[in-house]
Amino acid sequence: MRLVIALGGNALLKRGEILSADNQRRNMAVAAAGLAAACDGHEVVIVHGNGPQVGLLALEADAYADVPPYPLDMLGAESQGQIGYVIVQALRNARPGRAVVALITQTVVSRADPAFARPTKPIGPVYAADRVAALQAEHGWSFAPDGKAMRRVVSSPVPVEVIELATIRQLMDSGVIVVCTGGGGIPVERRPDDSLAGVEAVIDKDRAAALIAEQLGADRLILLTDVDAVYTGWGTPGQTALRKVRAGDLHPQDFAEGSMRPKVEAACSFAERSGHPAVIGALSAARNTIEGYKGTEIAA
């Protein structure tokens with residue numbers, strides 16, 4: 001099968017852990033064992049998130065006052081190299097005979113996207129409520145709840161086009177596992193002369209994964225996260241796991257924005273536009289999720 005697999009942030013960092021290199025290497029090494037096995041016998045593209053990492057890079061850039069802060073598109077490129085290296089090394093260690101490459105990837109967005117007026121994409125670490133007011137005053141950042149804490153949120157426009165798509169297809173056709181479109185891709189816009197320029201935003205990796213899965217003709221889109229399924233009534237005594245459901249029976253607005261909602265939107269979009277199923281499930285059960293024994297399968 002031809003698979004596009006999107007890895008949630010828990011592949012490298014679990015909730016509550018500090019953003020250390022050791023934590024990210026250790027978590028990815030654990031995830032790689034099951035993920036590599038799940039890739040055996042398949043053509044695979046892996047997309048990954050970068051929210052915690054790009055947020056940390058923004059904080060680091062802001063700490064050095066002698067240089068203007070780097071924009072989010074450049075920080076996104078930096079995080080693609082960093083995270084791609086960790087993923088590629090872990091997968092190669094788990095499957096020495098399988099070729100794996102990480103590709104710096106640009107994703108076109110539209111300046112007219114209404115998302116630029118309404119930041120929703122969480123990045124960076126979580127903050128206690130008493131820190132938020134000071135950070136808002138100092139940086140002008142926007143924040144949203146993340147559990148009992150708060151996280152910075154930035155604009156998250158809809159991905160329109162993946163610039164390196166043809167190269168991704170060539171590599172995948174050659175049997176290479178391609179790690180690409182990290183963090184949804186580096187956000188860029190097309191100028192009137194068809195040149196590209198960076199955009200201050202972070203693209204949702206699940207939406208980008210759905211776009212690239214559709215354009216590559218993937219047989220299945222797999223969205224791996226830290227929960228085992230999509231739940232109705234999440235966080236309530238009556239929460240219920242969904243196992244098989246049609247896209248038309250799901251309503252994304254019923255799920256948390258910045259968390260499960262973009263995954264449901266991406267899965268439904270891919271299923272309806274391609275006619276192939278999408279699956280949302282736990283990274284810890286990657287192989288069973290890909291093979292359809294675990295997770296929530298969303299069909300057209």
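**Overall size.** I began with a definition: the radius of gyration here is taken over C-alpha atoms, and the globule rule is 2.2 Å times the number of residues to the power 0.38. I was working with a predicted model. For 300 residues the rule puts a compact globule near 19 Å, and the protein chain comes to 18 Å, so the two agree. I then took the box along the principal axes, and the C-alpha atoms fill roughly 50 × 50 × 40 Å.

**Secondary structure.** I looked up the elements next and found 8 helices and 17 strands in the protein chain.

**Helices α6 and α7.** Which residues of α6 meet α7? My list for α6 reads Lys 205, Asp 206, Arg 207, Ala 210, Ala 213 and Glu 214. Facing them from α7 I noted Pro 262, Lys 263, Glu 265, Ala 266, Phe 270 and Arg 273. By class, I have 7 charged and 5 nonpolar residues in this contact, with no polar ones.

**Cavities.** I searched the whole structure and got 5 cavities of 30 Å³ or more. The largest cavity holds about 60 Å³ of space. I wrote down its lining: Leu 7, Gly 8, Gly 9, Ala 11, Leu 12, His 48, Gly 49, Gln 53 and Ile 83. What classes make up the lining of the largest cavity? I find 5 polar and 4 nonpolar residues, and no charged ones.

**Second largest pocket.** My last stop was the second largest pocket, with a volume of about 270 Å³. It is lined by 15 residues, and closest to its centre I noted Arg 118, Thr 120, Ser 156, Arg 207 and Glu 257. Arg 207 was already on my list, as one of the α6 residues that meet α7. Which element gives the most to the lining of this pocket? I found α7 there, with 3 residues. The lining divides into 8 charged, 4 nonpolar and 3 polar residues.

How values were computed: Residues are numbered from 1 along each chain as its sequence is written. This is a predicted model: local features need pLDDT of at least 70, side-chain atom pairs count only at pLDDT 80 or more; totals for chains, interfaces and linings use all residues. Side-chain values use heavy atoms; hydrogens and water are left out. Contact means heavy atoms within 4.5 Å. Helices (H or I, at least four residues) and strands (E, at least two) are DSSP runs, numbered from the N terminus. Ala, Val, Leu, Ile, Met, Phe, Trp, Tyr, Cys and Pro count as nonpolar, Asp, Glu, Lys and Arg as charged, and the others, Gly among them, as polar. On a 1 Å grid over the protein atoms alone, a cavity is a set of points where a 1.4 Å probe fits but cannot get out, and a pocket is an open set with protein on both sides within 12 Å along at least five of seven lines; lining residues have an atom within 4 Å of a point. Grid points are joined across faces, edges and corners, and a volume is the space filled by probe spheres set on the points.
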